[in-house]
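I opened this entry to log what I looked up, one topic at a time.

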Amino acid sequence: MIEVKELFEDIYAYDNGRVRAFLIKGENEDLLIDTLFKEDKLIPMIKKEDRSLKVVLTHSDRDHIGGLDEEVKECYIHLYDAADIKTTKVITIKEGDHISCGRYDFIVIHIPGHTKGSIALFDKEKGILISGDSIQKGGPIYMFGEHRDLDAYIASLKKLKNIKNDIKVILPSHHDCPIDPSYIEKDLEDILALKEGRLRHEKTPNMPCDTYHGTYVDYYYIEN
Ligand SMILES: [Zn+2]
């Protein structure tokens, strides 16, 4: 069951209970940010015959790219995650690119760490940051696995912290949404504590990693 909710004017969240995608409505075209899992069949649900649909991916984890289907001719993703897209033609995006739809104009911010090609989309005028998995309240945020990079993630949160005064609201892919911009510093505080070995952690049931308990967010991580 997908729950649909209008968060702001022309911004809709499509939430399957585990992950959400965002749909921005423009005049004649719509912009979809992430696609949920394959079995959610999100694209057939939102694609309209008389409107074009542009698809942007915050990163290449399965719960964000699974819904790409043959109806989607091309999708936009950062170069460093592009190789994971096997089903659809890719147009690569990079730091500073603009992605616009209707009343929204997002700039691409490269925030590697969760994946190499993770991006956030930021509408500076509206103060809206779409953060993918990299900022969350509660979590867990996945930081275990070969393609994760703790130091890059910390640098990315510091980069977002530099623009925090321009951010009014954050729209994450998981758990509470919207959340307030203080979670940039809260998640940063917790990941720094993890790196310094200050977080309580225990084995995660049925997963090859530990759960690290931060004050504001949990992380799935394993020490090398
Ligand atoms: Zn995710």
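A note on terms before I start: helices here are DSSP runs of H or I with at least four residues, numbered from the N terminus. The model is a predicted one.

**Entry 1: Asp190**

I went to Asp190 and placed it in helix H4. Which side chain of opposite charge is nearest to Asp190? I found Arg198, at 7.6 Å. A salt bridge needs a side-chain nitrogen within 4 Å of a carboxyl oxygen. Asp190 is buried and has no salt bridge.

What does the side chain of Asp190 reach instead? I found the backbone nitrogen of Val217, at 3.0 Å. I then listed the contacts of Asp190, leaving out residues up to four places away in sequence. They are Leu199, Gly214, Thr215, Tyr216, Val217 and Tyr219.

**Entry 2: the cores**

Tyr219 came up again when I turned to the largest nonpolar core, which has 27 residues. Tyr219 is among the members that touch the most others, along with Leu129, Ile135, Ile191 and Leu194. At least two residues each come from strand S10 (119-123), helix H3 (150-161), helix H4 (182-195) and strand S16 (217-221). H4 gives the largest share, six residues.

Beyond four places in sequence, Leu129 touches Ile109, Ala120, Leu121, Phe122, Leu160, Ile167, Val169, Ile170 and Leu171. A separate core of 22 residues lies apart from the largest one, and its members include Ile11, Phe22, Leu31 and Ile130.

**Entry 3: the zinc ion**

Which residues coordinate the zinc ion? I listed Asp63 (OD), His64 (NE2), Asp133 (OD), Asp133 (OD) and His174 (NE2), at 2.1 to 2.8 Å. Along the chain the donors follow the spacing D-H-x68-D-x40-H. Asp63 sits in helix H2, while Asp133 sits in the loop between strand S11 (128-132) and strand S12 (138-142), so the pair ties together parts 70 residues apart in sequence. Are Asp63 and Asp133 buried or exposed? I noted both as buried.

**Entry 4: Gly66**

I moved on to Gly66, in the loop between helix H2 (62-65) and strand S6 (74-78). Setting aside neighbours within four places in sequence, Gly66 contacts Thr35, Leu36, Phe37 and Lys38. I also checked Gly66 against Cys177, 111 residues apart along the chain. Their C-alpha atoms are separated by 21 Å.

**Entry 5: salt bridges**

How many salt bridges does a search of the whole structure find? I logged 15.

Arg103 meets Asp10 at 2.8 Å, N to O. Arg103 is in the loop between strand S8 (98-101) and strand S9 (104-110), and Asp10 is in the loop between strand S1 (3-8) and strand S2 (11-15). The two are 93 residues apart. Arg103 is partly exposed, at 39% relative accessible area.

Lys124 meets Asp166 at 4.0 Å, N to O. Lys124 lies in the loop between S10 and S11, and Asp166 in the loop between H3 and strand S13 (169-172), so this pair ties together parts 42 residues apart in sequence. I have Lys124 as exposed, at 54% relative accessibility. Asp166 counts as partly exposed, at 34%.

Arg200 meets Glu202 at 3.9 Å, N to O. Arg200 is exposed, with a relative accessible area of 58%. Glu202 counts as partly exposed, at 35% relative accessibility.

Methods: Residues are numbered from 1 along each chain as its sequence is written. This is a predicted model: local features need pLDDT of at least 70, side-chain atom pairs count only at pLDDT 80 or more; totals for chains, interfaces and linings use all residues. Side-chain values use heavy atoms; hydrogens and water are left out. A nonpolar core is a set of buried Ala, Val, Leu, Ile, Met, Phe, Trp, Tyr and Cys residues joined through side-chain atoms within 4.5 Å. Buried means under 20% relative accessible area, exposed over 50%, partly exposed in between (1.4 Å probe, protein chains only). Contact means heavy atoms within 4.5 Å. Lys and Arg count as positive and Asp and Glu as negative; His and the chain ends are not counted. A polar contact is a pair of N or O atoms within 3.5 Å; within protein, one must be able to donate a hydrogen and the other to accept it, and residues adjacent in sequence count only if both atoms are side-chain atoms. Donors are N, O and S atoms within 2.8 Å of the metal (3.2 Å for Na, K and Ca); water is not among the atoms, so sites may look incomplete.
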